[in-house]
Amino acid sequence: MTLYLGYDYVRGVIEDMQRSNEEWVTALSEPVSEEALGDLRQILVRGLMAALAGRINSELEANVEDFVQEALLKILKSVGTFRGESRFTTWAQKVAVHVAFTELRRRRWKDISLQDIIETSEGEEYTPAILKDPRATPELEVTQQSVMELVEDLIHSELTEKQRTALLAALQSGIPMEELAQKLGTNRNALYKLIHDARQRLQKRLMEVSGISPHDVMDLFEVK
Amino acid sequence: MRIPEETLRKFVVKVANTRPEEAGCDTCFEHLHEFADMLQKGEDPADLMPLVEHHLKMCSSCGEEFDALIEAIEAAQNAKS
């Protein structure tokens, strides 16, 4: 029997600064190893610098330092919950990315009320398509357009007020889930469920009204 | 009140792609590191975690975080190689 350890796997172990998952967990549990903490900080800073480079216009380094600091506190607090399904550093990077995005989204949307979002959207003109389907014939375009118009009509006629408010705010402004959830007095998971229920209702009614199956809609918009 | 056309186009696809059972944001986040690592190792995480894969297509907030996570992992790898 040949035991083959792929290059990526070996490289992954080296990248984790020669620590196994168990060693990371031990080193970051009380008493915390300052050396391990410093190594993890380096990994997280490097990762976030790259991930946020195109998303933050100014003070990237200072922001990343703050996010990593907060992420390290969360990681130290929850290190015992790591179950080893991935490399430890991937789990830690996930926490850091989540901390950074949560804060960036909060800053972007904190002074904008739900009412502002709806009112601003109401005043907007119909935005022309940025990406036209290159294979679209005039006939295909007409069919796509009629399906889109039907879905928009169904949003207004078939959903509950709560579903419609949430969905239109999300679609018209692009507000992220957790920020919209907070403004609606709910949480990200419950909001996803609300919108999932709305999508299910729309899918059913779209099929009943137009006779087009979900599969055909996917084909129509060429999603494989 | 109109929805931007490109947004509406993407949403119509999501409506068509809606499944009776879908994972929520919490479930997706719980498995995201596992999903990312499998992808990095050249495996197909969608086979083992189809609900997470589907959620990432349906939820732009989770999808955005996943893309950033992959960028972060790759940056850490490139710095070492």
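Two residues are said to be in contact when heavy atoms of theirs lie within 4.5 Å of each other. By this criterion, in the predicted model described here, 50 residues of chain B are in contact with 60 residues of chain A.

The area buried between chain B and chain A comes to about 5600 Å², and carbon and sulfur atoms give 62% of that area. Polar interactions were also found across the interface of chain B and chain A, where the rule identifies 23 residue pairs in polar contact, both residues of each pair being at pLDDT 80 or more. On the side of chain B that touches chain A, at least two residues each are supplied by helix 1 (5-16), helix 2 (25-40), helix 4 (50-58) and helix 5 (60-80) of chain B. Of these elements, helix 5 of chain B provides the largest share of that side, namely 14 residues. With regard to charged pairs, the rule finds seven salt bridges across the interface of chain B and chain A. In the salt bridge that R105(A) forms with E64(B), the closest N and O atoms are 2.8 Å apart.

The two chains were next considered separately. Chain B contains five helices and zero strands, so that, by the assignment of helices and strands as DSSP runs, its elements read α-α-α-α-α from the N terminus on. The radius of gyration of chain B is 15 Å, whereas a compact globule of 81 residues would have a value near 12 Å. The C-alpha trace of chain B spans about 50 × 25 × 20 Å along its principal axes. Of the 81 residues in chain B, 59% are buried. Among the contacts in chain B between residues at least 6 apart in sequence, 66% join residues that are at least 24 apart.

Chain A, in turn, has eleven helices and zero strands. Buried residues account for 43% of the 224 residues in chain A. Among contacts in chain A between residues at least 6 apart in sequence, 63% join residues at least 24 apart.

C28(B) counts as buried because its relative accessibility is 1%, the limit for a buried residue being under 20%. When its neighbours within four places in sequence are left aside, C28(B) is in contact with V52(B), H55(B), L56(B) and C62(B). The C-alpha atoms of C28(B) and E71(B), two residues that are 43 places apart along the chain, are separated by 18 Å.

On the side of chain A, R188(A) is found in helix 10 (residues 188-210), and it is classed as buried because its relative accessible area is 12%. Leaving aside neighbours within four places in sequence, the residues in contact with R188(A) include H98(A), R105(A), M177(A), E178(A) and A181(A) of chain A, together with C25(B), S61(B), C62(B) and E65(B) of chain B. Helix 10 of chain A also holds H196(A), which counts as buried because its relative accessible area is 5%. A polar atom of the side chain of H196(A) lies 2.7 Å from the backbone oxygen of R19(B). Apart from neighbours within four places in sequence, H196(A) is in contact with T18(B), R19(B), P20(B) and E22(B).

Two features of the backbone of chain A were also noted. Most residues other than glycine have a negative phi, and most peptide bonds are trans. Against this background, a cis peptide bond joins E30(A) and P31(A), with an omega of about -5°. P31(A) is found in the loop between helix 2 (21-28) and helix 3 (34-52) of chain A. A positive phi of about 50° occurs at E59(A), although E59(A) is not a glycine. This residue lies in the loop between helix 3 and helix 4 (60-78) of chain A, and E59(A) counts as exposed because its relative accessibility is 61%, the limit for an exposed residue being over 50%.

Definitions and conventions: Residues are numbered from 1 along each chain as its sequence is written. Chains are lettered from A and ligands numbered from 1 in the order in which they are written. This is a predicted model: local features need pLDDT of at least 70, side-chain atom pairs count only at pLDDT 80 or more; totals for chains, interfaces and linings use all residues. Side-chain values use heavy atoms; hydrogens and water are left out. Buried area is the accessible area (1.4 Å probe) that two parts lose on being put together, summed over both. A salt bridge is a side-chain nitrogen of Lys or Arg within 4 Å of a carboxyl oxygen of Asp or Glu. A polar contact is a pair of N or O atoms within 3.5 Å; within protein, one must be able to donate a hydrogen and the other to accept it, and residues adjacent in sequence count only if both atoms are side-chain atoms. Helices (H or I, at least four residues) and strands (E, at least two) are DSSP runs, numbered from the N terminus. The radius of gyration is taken over C-alpha atoms; the globule rule is 2.2 Å times the number of residues to the power 0.38. Buried means under 20% relative accessible area, exposed over 50%, partly exposed in between (1.4 Å probe, protein chains only).
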